[in-house]
There are 2 protein chains.
Amino acid sequence: MFHGGPVNERADAARNREKILSAAATLFAEKGVEAVSMDAIATEAGVGKGTLFRRFGDKSGLAVALLDERERVLQERILSGPPPLGPGAPARDRLTAFVDAYLDYLFAHLDLVRMSETASPGARYRIGAYRFWHRHTAILLAASRPGSDADVLSHALLAATAAEVAGVLREEYGEARARDAITALVGALVG
Amino acid sequence: MFHGGPVNERADAARNREKILSAAATLFAEKGVEAVSMDAIATEAGVGKGTLFRRFGDKSGLAVALLDERERVLQERILSGPPPLGPGAPARDRLTAFVDAYLDYLFAHLDLVRMSETASPGARYRIGAYRFWHRHTAILLAASRPGSDADVLSHALLAATAAEVAGVLREEYGEARARDAITALVGALVG
DNA sequence: GGTTGAAATGGACTACAGTCCGGTTTGTGG
DNA sequence: CCACAAACCGGACTGTAGTCCATTTCAACC
């Protein structure tokens with residue numbers, strides 16, 4: 001059901017990783033991400049707490065593991081899917097398409113993404129996926145706005161797509177206005 | 001030394017508020033904001049934990065109280081100081097001046113602001129000061145970009161000035177590039 | 001100065017994240 | 001099949017945020 005463990009994983013370790021991920025998925029669906037403690041996940045999975053933490057590091061690591069599959073799908077579409085999300089379209093169109101697709105992904109898994117980003121301070125920037133989004137947007141930004149400091153600028157842009165920010169915006173103004181505003185921000189930069 | 005309590009505050013309450021704020025200020029200066037627990041503050045102040053939490057709600061409330069004075073100074077300069085930060089200058093100049101002044105404030109007290117924003121999820125948006133910055137930027141944005149959804153857009157803009165974001169940018173690229181990028185983002189919107 | 005009740009107090013208590021380490025399981029090489 | 005080291009396991013333990021409520025303090029009024 002779940003994949004992505006180390007290549008030479010011992011049988012008991014693989015067994016427990018599966019049990020943990022499926023227990024976490026079940027509990028999150030039942031009670032919501034916020035309301036589930038790590039103890040509860042360990043108990044439901046029938047493993048000790050130590051096992052849980054050694055394998056996933058912390059709550060954010062667990063969220064990342066659960067999001068892994070869906071993240072990879074989006075990354076694939078960016079790297080080799082059809083334009084404008086994939087290669088082939090002008091940079092500014094790809095950037096808009098990325099923001100749109102990313103917000104689809106984000107709003108579909110908001111609680112999980114929030115957990116992956118807020119478990120510890122600065123967690124978001126340490127996740128591999130964030131580096132991917134950042135590099136992608138930085139390259140597109142550099143192409144659309146030659147001369148600008150695309151590296152830093154793309155971090156500033158992505159700040160608006162943080163789970164906490166986007167969540168508050170959706171709650172306050174509804175998804176459509178939230179999307180439009182973030183898109184407008186990007187549009188102003190590259191338009 | 002510290003002010004800002006309720007208007008009809010009992011003498012013991014006022015005394016303890018002062019003791020807590022000065023103990024917190026001392027400990028933060030000594031060991032850094034991150035490394036100081038609420039227990040330690042209560043002990044240093046010579047009050048019970050209950051008193052501490054009752055008065056300030058949580059860690060973020062304590063940070064807000066410590067920042068209060070400096071926040072108010074900036075707000076005064078915006079409301080009635082000389083342009084371009086204060087009234088009288090064109091909206092886009094005021095917006096740039098605000099971002100500049102806000103980043104001065106932010107970088108001068110980064111740890112404290114980070115604590116005020118990250119103690120609990122969504123904490124930033126519940127703080128009175130945030131509402132002030134938001135309203136101010138929304139008004140200026142509406143004036144510079146008629147027809148745009150200034151309310152939501154200004155949240156998206158301010159996302160780049162979150163303590164966590166600005167902190168990572170400064171750490172990664174240095175203060176000058178971080179400032180320039182955030183300013184460029186604003187400039188793209190109103191320029 | 002005594003009475004009174006509302007406000008404030010403080011420390012025991014709960015719940016949770018995350019660490020540690022003695023004991024167990026696994027799979028590999030002989 | 002056996003021995004053995006490395007990898008893994010689980011649950012007791014620590015440290016922290018935040019809650020609760022029986023007791024104490026304050027100040028307003030007589």
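Predicted model: local features only at pLDDT ≥ 70, side-chain atom pairs only at ≥ 80, totals over all residues.
Residues are numbered from 1 along each chain as its sequence is written, and chains are lettered from A and ligands numbered from 1 in the order in which they are written.

DNA strand C is surrounded by 25 residues, where a residue is near a strand if its C-beta atom, placed from the backbone, lies within 6 Å of it. The closest are Gly50(A) and Asp58(A) together with Val47(B), Gly48(B) and Gly50(B). Two or more residues each come from α1 (11-31), α2 (38-45) and α3 (49-56) of chain A, and from α1 (11-31) and α3 (49-56) of chain B. Helices here are DSSP runs (H or I, at least four residues), numbered from the N terminus. With five residues, α3(B) gives the most to this surface. By class, 12 of the residues near DNA strand C are charged (Asp, Glu, Lys and Arg), seven are polar and six are nonpolar (Ala, Val, Leu, Ile, Met, Phe, Trp, Tyr, Cys and Pro), the others, Gly among them, counting as polar.

Chain A is divided into domain 1 (1-57) and domain 2 (58-190), with bounds from an automatic or database domain assignment. Taken over C-alpha atoms, the centres of these two domains of chain A are 27 Å apart. In chain A, 11 residues of domain 1 are in contact with 10 residues of domain 2; contact requires C-beta atoms, placed from the backbone, within 7 Å. On the domain 1 side, α1 and α3 of chain A give two or more residues, and α1(A) gives the most, with three. That side has seven nonpolar residues, three polar and one charged.

Terms used: Contact = placed C-beta atoms within 7 Å.
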